[in-house]
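Subject: Structure handover

Hello,

Here is the structure for you to look through. My notes follow below it.

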Amino acid sequence: MTIAEAGSPLAVKRRARRINRVLADKYPYAHAELDFRNPFELVVATVLSAQTTDVLVNQVTKILFARYPDARALAEADPAELESILQPTGFFRAKARNILALSTRLVDEYDGEVPGRLEDLVTLPGVGRKTANVVLGNAFGVPGITVDTHFGRLARRFGWTVSDDPVKIEFDVAELFEPRDWTMLSHRVVFHGRRICHAKKPACGACPVASLCPSYGEGETDPVKAAKLLKYELAPGNEALLEKLLAETHRAAEIRMESQRRPG
């Protein structure tokens, strides 16, 4: 689909903002799904999240930060011990090298603190624009659009961009929204991509933005069949979890962590 097929620039912007409002209603509990308590923990967790799941990263970082609570401690970590902790995340040797180098750089150049500017963040080992925007938006309150695989896929399906390049996608989407919306927009779109608008078989028949989506019909349109494709708290059988998330949006991250700790 081309931007022309999606409509005029004004029509695309209006529809994009309507989609954001619908997603805000659908996911009032949307949040960063990596667990962190400070900018350092978030930047490390985001670097570790490449090619693995947030659930797995959260399990590993709980062990990692208990042993190495700050940049100074992590910079002095034994590489073999660090690799052992990171092994479940995959590509653990490269990740260990990256976070050792990252921590050392923070200690040497920033007194152990994570800088709050994009131009500084992207110079750190293992940190690109996506990671920088995650850290800025969620740890510093600086608006940023986080383009991961889910966001890129949905931005193209929604007709917000035709690009596969994360930086071009970021700039295209930024033109459609006010900066104050960028960070939460990123969470909502990623939540939607993980739960409904899947890569291989989107659940079009259960999608709250179906009437606004120029790509409607790429996936399952039958409502009953589509409902069976939903994941996480939207999946059949998880009604109690969804109800709790909707009732206590301020505790969404905590509730999610509790649900993931339960057996089965």
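How much space lies in the largest pocket? About 1,300 Å³. A pocket is found on a 1 Å grid over the protein atoms alone, as an open set of points where a 1.4 Å probe fits, with protein on both sides within 12 Å along at least five of seven lines. Lining residues have an atom within 4 Å of a point. Grid points are joined across faces, edges and corners, and a volume is the space filled by probe spheres set on the points.

Before more detail, some ground rules. This is a predicted model, where local features need pLDDT of at least 70, side-chain atom pairs count only at pLDDT 80 or more, and totals for chains, interfaces and linings use all residues. Residues are numbered from 1 along each chain as its sequence is written, and side-chain values use heavy atoms, with hydrogens and water left out.

Back to the largest pocket. Helix α12 supplies the largest share of the lining, seven residues. (Helices are DSSP runs of H or I, at least four residues, numbered from the N terminus.) The lining divides into 17 nonpolar, 19 polar and 14 charged residues. Here Ala, Val, Leu, Ile, Met, Phe, Trp, Tyr, Cys and Pro count as nonpolar, Asp, Glu, Lys and Arg as charged, and the others, Gly among them, as polar.

The second largest pocket has a volume of about 380 Å³. Its lining has 14 residues, and D35, N58, Q59, K62 and M257 are the closest to its centre. Helix α4 gives the most, with seven residues. By class, this lining has five nonpolar, four polar and five charged residues.

Now α12 again. The axes of α2 (residues 9–26) and α12 (residues 182–195) come within 10 Å and cross at roughly 70°. Axes are lines fitted to C-alpha atoms over the stretch in contact, and angles run from 0 to 180 degrees between N-to-C directions. The two helices are therefore roughly perpendicular (65 to 115 degrees). N20, L23 and A24 of α2 make the contact (heavy atoms within 4.5 Å) with L185, R188, V189 and H192 of α12.

Last, F140. This residue is in the loop between α9 (129–139) and α10 (149–157). Leaving aside neighbours within four places in sequence, F140 is in contact with P39, V114, P115, G116 and V135.

Best wishes

Definitions and conventions:
Parallel < 35°, antiparallel > 145°, perpendicular 65-115°, else oblique.
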